Amino acid sequence: MIGLTQVYVLAGLVFAGFAVMSLRDPANPRRWRNALFWGLFALSFLAGDHLGDLGNGLLVLAMAVTAALGLGRSGTGAEDAGARAASARAHGLRLFLPALLVPVIVLAGSLGVRHGGPVAAALVDPKQATLVSLSLAALVVAALTVRLFRQPVLSPLTEGLRLADTVGWMALLPQTLAALGAVFALAGVGAVVGETVTRVFSMDTRLAAVAVYCLGMAGFTVLMGNAFAAFPVMTAGVALPILVKVYGGDPAAICAIGMLSGFCGTLLTPLAANFNLAPAALLDLDDRYAVIRAQAPTAFILLLVNTVLMHVLAFPAHP
Amino acid sequence: MGSMLVLLGVLLVVAGFAVGLNPLLVVLASALATGLAAGLSPVEVLAAFGKAFNENRYVSAAWLILPVIGVLERSGLQEAARSLIGRLRGVTFARLMLAYLFFRQATAALGLTSIAGQTQTIRPIIAPMAEAARASETGVEAMDSSEAQKVRAFAAGTDNIGLFFGEDIFLAIGSILLMVGFLEQNGITVEPLHLSVWAIPTAIAAFIVHGCRILVFGRRRPRP
């Protein structure tokens, strides 16, 4: 059955390719460090299950130290702006076809596995259908693009490395933050924060309790980087005992709008690195927090809207 | 019950990000402080962190898409996206962003969260289009870098906002399943449909609020 194992092998090979391409890149003065960084990434994907817990811990430590010393950027691909423009003129709208084929394959793959009956489910792990389809799309469309537009055979790796070096060490941050979340959970950080919130704020009126829950979901999400970590703590601490039991609110409406208040927090926090910081790196923005700044006004207004919506909609018995 | 000491890690993260230290080192320091406060030895913390890191590899597996996007860019996709905007007269910056916001919310509401995204759509197609549209509207052929960066950041934010406030309308998305499971543990049975319908008012509000911001951004004159 095709599942995470095969996806990880493919990812490992791609990162190994980045490491080799880094070494062969004389234009990058820090090529050894880049090769080490992407090589350790490859090692994690190819052999992570055999390294042991401590081995994996040392691996992250080595990657973080390498990254903190400073990585360079791949020197290839920068100089051929003229070639890109010429290729764009020659191929025109046909360039969009492979770009559109990626979502089509992802869509067909995940729907096919979900609704394809026992044969499809035996072939591909249904839980990983999206990631498997995305990997397949990446492979097929890269090959097609090379053929269609007569690109060098190795160009997916050299150009992939160019983008990977644009993101740099930021590529590692989302996964390390997920690991930090696990350590927080192990140490019971969520429970302590939740307790503090419920102890500090008074909730004598329904509006105050609604505000504590919505703002708490957002604030907690900012601190933990993830609305999923905030939800159980804030809902068990505030929503169920007070909003549902005391004020008679509808649990479905309260939870749904509470979660969306958490999403407002996700828009505001650097700890949600895959949404907020990695795109800033990928788009070559000088300000690491530029995406958060662009989102902040919408996030604050929607947080207010959510609080009002919950107050108005979630208490049908006592409007 | 855990002591307040375990909050040290949270404070470290906040302070570390605020003063702009390397986030990877900040995260490791925070994990160490949190683990020590919870009574683990440094080696135990490193092992716990390594285990969780290994279990979360799927987060980084998303970078698999980089080679195909890279080779498409080498073939001229960004340039093609820019010139397409030049040929479509009616497509302004605001209309492009509004259409993308609607597309992202609507497809996410159908559960199609992975058909677009920052790496797949924003960097190679939408951001160059937005820049080109903005440049032709303001009559500045070569936009200065800070204005171009603002446009790109706004496009990236629009993708996140469309995704976050669309996906919860879909029944089988992770957050809905988390809520159903959590409520069940607490003795409350809720159908996924009941949760997802309550995501609709906020989704509409998100389109209106961010839509207004798009219109305002589109009318803003860049500083000369």
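Let me start with one pair of helices: helix 9 of chain B goes past helix 12 of chain B in a left-handed crossing. Before I go on, please keep in mind that this is a predicted model.

So, staying with that pair for a moment. Helix 9 covers residues 145–167 of chain B and helix 12 covers residues 200–219 of chain B. Their axes are 9 Å apart, and the packing angle is about 165°. That angle makes helix 9 of chain B roughly antiparallel to helix 12 of chain B. Who touches whom? From helix 9 of chain B we have Phe154(B), Thr158(B), Ile161(B), Phe165(B) and Gly166(B). They meet Thr202(B), Ala203(B), Ala206(B), His210(B) and Phe217(B) in helix 12 of chain B. If you sort that contact by class, you get 6 nonpolar, 4 polar and no charged residues.

Okay, over to chain A for the overall picture. Its secondary structure is 15 helices and 0 strands. The C-alpha trace of chain A spans about 70 × 45 × 40 Å along its principal axes. Chain A has 319 residues, and 55% of them count as buried. Now take the contacts in chain A with a separation of 6 or more: 72% of those are between residues 24 or more positions apart.

Chain A has a helix pair I'd like you to look at as well. Helix 13 (residues 251–266) of chain A packs on helix 15 (residues 290–313) of chain A, with axes 9 Å apart and an angle of about 170°. On the helix 13 side of chain A, the contact uses Ala253(A), Ile254(A), Ile257(A), Leu260(A), Ser261(A) and Cys264(A). Helix 15 of chain A brings Ala299(A), Leu302(A), Leu303(A), Asn306(A), Leu309(A), Met310(A) and Leu313(A). By class, that contact between helix 13 and helix 15 of chain A has 11 nonpolar, 2 polar and no charged residues.

Now, how do the two chains meet? In chain B, 97 residues are in contact with 117 residues of chain A. The side of chain B that touches chain A divides into 62 nonpolar, 26 polar and 9 charged residues.

The crossing of helix 3 of chain A and helix 2 of chain B is left-handed. Helix 3 of chain A puts in Leu61(A), Ala64(A), Ala67(A) and Ala68(A), and helix 2 of chain B answers with Leu24(B), Leu25(B) and Leu28(B). That contact of helix 3 of chain A with helix 2 of chain B has 7 nonpolar, no polar and no charged residues.

Helix 10 of chain A is worth a look too. This helix runs over residues 189–200, so that's 12 residues, and it reaches 17 Å from first C-alpha to last, close to the 16 Å expected at 1.5 Å a residue. Its buried residues are Val189(A), Gly190(A), Val192(A), Val193(A) and Gly194(A). What do the buried residues of helix 10 of chain A pack against? In chain A, helix 9 (173–187), helix 11 (206–224) and helix 12 (227–246), and in chain B, helix 1 (8–19) and helix 2 (23–37).

Helix 6 (residues 77–87) of chain B also has a buried set: Leu77(B), Gln78(B), Glu79(B), Ala80(B), Ala81(B), Arg82(B) and Ile85(B). The buried residues of helix 6 of chain B pack against helix 4 (81–91) and helix 5 (96–115) of chain A, together with helix 5 (66–74) and helix 8 (118–138) of chain B.

Arg150(A) isn't a glycine, yet has a positive phi of about 50°. You'll find Arg150(A) in the loop between helix 7 (129–148) and helix 8 (155–167) of chain A. Buried or exposed? Arg150(A) is exposed, with 11 other C-beta atoms within 10 Å.

Asp284(A), also not a glycine, has a positive phi of about 60°. Asp284(A) sits in the loop between helix 14 (273–282) and helix 15 of chain A, and is partly exposed, with 14 other C-beta atoms within 10 Å.

Last one: Val43(B), in helix 3 (residues 42–55) of chain B. Val43(B) is exposed, with 12 other C-beta atoms within 10 Å. Val43(B) and Leu32(B) are 11 residues apart in sequence, and their C-alpha atoms are 9.4 Å apart in space.

Note on methods
Residues are numbered from 1 along each chain as its sequence is written. Chains are lettered from A and ligands numbered from 1 in the order in which they are written. This is a predicted model: local features need pLDDT of at least 70, side-chain atom pairs count only at pLDDT 80 or more; totals for chains, interfaces and linings use all residues. Two residues are in contact if their C-beta atoms, placed from the backbone, lie within 7 Å. Ala, Val, Leu, Ile, Met, Phe, Trp, Tyr, Cys and Pro count as nonpolar, Asp, Glu, Lys and Arg as charged, and the others, Gly among them, as polar. Helices (H or I, at least four residues) and strands (E, at least two) are DSSP runs, numbered from the N terminus. A residue is buried if 20 or more other C-beta atoms lie within 10 Å of its own, exposed if 12 or fewer, and partly exposed in between; C-beta atoms are placed from the backbone. Axes are lines fitted to C-alpha atoms, for helices over the stretch in contact, and angles run from 0 to 180 degrees between N-to-C directions. Angles under 35 degrees count as roughly parallel, over 145 as roughly antiparallel, 65 to 115 as roughly perpendicular and the rest as oblique. A crossing is left-handed if the near helix is turned anticlockwise from the far one by less than a right angle, and right-handed if clockwise.
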